[in-house]
Amino acid sequence: MGPSSLEAMEDFNSVTVGTLKRRVRQRKRIHEIIRNKLQRNLSCSGSKVKSTLTGFFPVVKWLPKYKVKDYIWGDLMSGLIVGIILIPQAIAYCLLAGLDPIYGLYTSFFSNIIYFFMGTSRHVSVGIFSLMSLMVGQVVDREVYLAGFDLNEDSTKSAFGINGTGEANTTLVNLKIMPLNMECGKECYAIGIATALTFLAGVYQVLMAVLKLGFVSVYLSAPMLDGFATGASCTILTVQAKYLLGLKIPRYQGYGTVVVTWINIFKTIHKTNFCDLITSAICIIVLVAGKEIQDRYKDRLKIPLPTELVVVAVATVVSHFADLNGQFSSSISGAIPTGFIPPKVPSIELMPRVACDAIPLAVISFAFTVSLSEMFAKKNGYTVRPNQEMIAIGFCNIIPSFFHSFTTSAALAKTMVKDSTGCQTQVSSIVSALVVLLVLLFFAPFFYALQKCVLACIIIVSLRGALRKFRDVPTQWRESKIEAIVWLVTMSSTALISVELGLLIGVVFSMICVVGQTQNPKVSLLGQIEQTNDFEDMEEYDNLSPVPKVKIFRFQAPLFYANKDFFLKSLYKATHLEPFLEITRRRKLEKKARDKTAKKTYRVDETNGDVSVNLISRNIDFHTIILDCSCISIIDTAGVSTFKTVLKDYKEVGVNVILACCNTPVIDSLRRGSFFGAGDKDMEQLSFHTIHSAVCFATCMTQPFNDSSV
């Protein structure tokens, strides 16, 4: 670099460089950080005890401020309506869980009360949920099958040892091969599996909250969750189809439940119970009509239509007086006792069998709960604490597991009902729990004659929202092909393989898509916007002027080991100059020049024996490359090495490389990798805060930097 050029650079640096100075931050030592955290977390005071209690039980904080005149009517109405909707759903979803109907009522009762004390959302309705019931049911049926019970049995026997006629049930199986090592009936063993599974899921959720592992939910993208819910809905529909036709088909154990179950249905379709078929058709028509009326006139209707409760009540009365079970062998719910069963500790011996199954249950349960809480909090103008939500839903599983309940979660449909009917606080959950309590204490036996096909109809019609996602696929494809593919892959794997594997495949595939996007990001050359100091993509905008003798290259992704090769290839392609090939070409021409010294095209410098090729230097129409790092959020050691390689290789062909718009983490990584050489002087020649300042600096240069810069 000539003296005049060097002086110009120094004058430029004195004006534009050095105006920003990094703040010196003193890093605390590890033992100091640990000591401070221990002092903060282990210290005890009255105010800290109070804040801990109010944090763990938010009800203590908001209940004394409850505005009775403003809130009570909305809470009473929403709680009553949700309770009425909850009763038939709680009974119906036990078909999915493979349990007696009474356990669905227990689950709904205890979860509503616990969330009242521990939840931070005002609108979320926590209780029995179809997806959770399906996942519990798959584990319960698998373990019941492995225990030697007959899944073909159309059992109307109760876990309490009383059958539908009121006689003692002596059908017990000696389970010496099982961890229980005790005599236990099918229903007793099934609820033992469910409570052990639920307890572990709750423990996992509390541990995730304690260890601050809520970030796991960020890997559950919206398309993946929608695809998972839709695929699970297809499985639920398939599992319930046999009840619509009155077929005695055991739930298939293994992969491909949807395919195998439909094959079995068509094999046994000649055994269809026409009483159940006619009842199912009538119930579905009534339920769908009620939903459509509700959707069409939701602005005029002050409260949702209790269609499910009406259908259950009418169907129960008809089944009882027409004796559909005795006359047509229609499958019925059976005896539902009143009152509560004494609490029982979940079986520790069964927990190792279901420890892995509880993990997806815990993750999906807390993901739905936290996402719904945040969604409705944002809609209604308040905030929730995701970590406390995880603790709340964890204890909504741990405590009820001692009272013969199974896994719970926030439910979208009932939460929307609460929001639309004027719910103000979780007092509405107490009202819903009281409605369920009335059924538990007084009205449960009246559901004895209720046909299972009616319950299946309630479940299937409730899947309308998830199944309607199929109509959104074309729109989603137009908006984002990657998200549409994630949805399709997750939905297909969930429906065609299994629910658990579908969740895993969806998470892994969506992460692969993210990695794939970072491996092949958009790259561009920038031009200057007319009459401004701003620069933009020349492929995307018109009226941009390229900077003479300067190439400005933007890489729109983090630079790390997986995409460093793509970065180099893109840079070579954008600049139409690959240094290694250019150096090889020059060496070949130099060799030819030495062999043909008589030709005038080449001139040999006798002082040092080098050969200068004038033709070559004229082929490169730029002398500087500016790397716009504004979109590079992080850079690893492989990325730093790539920058070093680019700087060195281009210097050998007479092209300077400088950086612009680097954020502080990138600068720190480059410093640690010795990219800037010995000191800040080299950094001032290699890194600039804006593209404009880098361009101004580049116009002063016609030669590459000194070798000491790297």
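Colleague: In which helix is the place of serine 78?

Modeller: This is a predicted model, and in it serine 78 belongs to helix H5, which covers residues 68–97.

Colleague: Is serine 78 buried or exposed?

Modeller: A residue is called buried when its relative accessible area is under 20%. Serine 78 has 0% relative accessibility, so it counts as buried.

Colleague: Which residues does serine 78 touch, not counting residues up to four places away in sequence?

Modeller: Those residues are Lys418, Thr421, Cys423 and Ser428. One of the residues touched, cysteine 423, is itself buried, at 4% relative accessibility.

Colleague: How many disulfides does the count come to?

Modeller: A disulfide requires two cysteine sulfur atoms within 2.5 Å. By this rule the count is zero. Consider cysteine 662: its nearest cysteine sulfur, that of cysteine 629, is 3.6 Å away, and cysteine 662 is in no disulfide. Cysteine 662 is also buried, with a relative accessible area of 13%.

Colleague: Where does UniProt place the feature "transmembrane region"?

Modeller: The unreviewed UniProt entry places this feature at several spans, among them residues 71–93 and 433–463. An annotation of this kind may be inferred rather than shown by experiment. In the model, residues 71–93 are 100% helix and 0% strand, with the end C-alpha atoms 31 Å apart.

Colleague: What are the helix and strand percentages over residues 433–463?

Modeller: Over residues 433–463 the chain is 68% helix and 0% strand. The end C-alpha atoms of that span are 24 Å apart.

Note on methods. Residues numbered from 1 in each chain as written. Predicted model: local features only at pLDDT ≥ 70, side-chain atom pairs only at ≥ 80, totals over all residues. Heavy atoms only, no water. Helix = DSSP H or I, 4+ residues; strand = E, 2+ residues; numbered from the N terminus. Buried < 20%, exposed > 50% of the residue type's maximum accessible area, 1.4 Å probe, protein only. Contact = heavy atoms within 4.5 Å.
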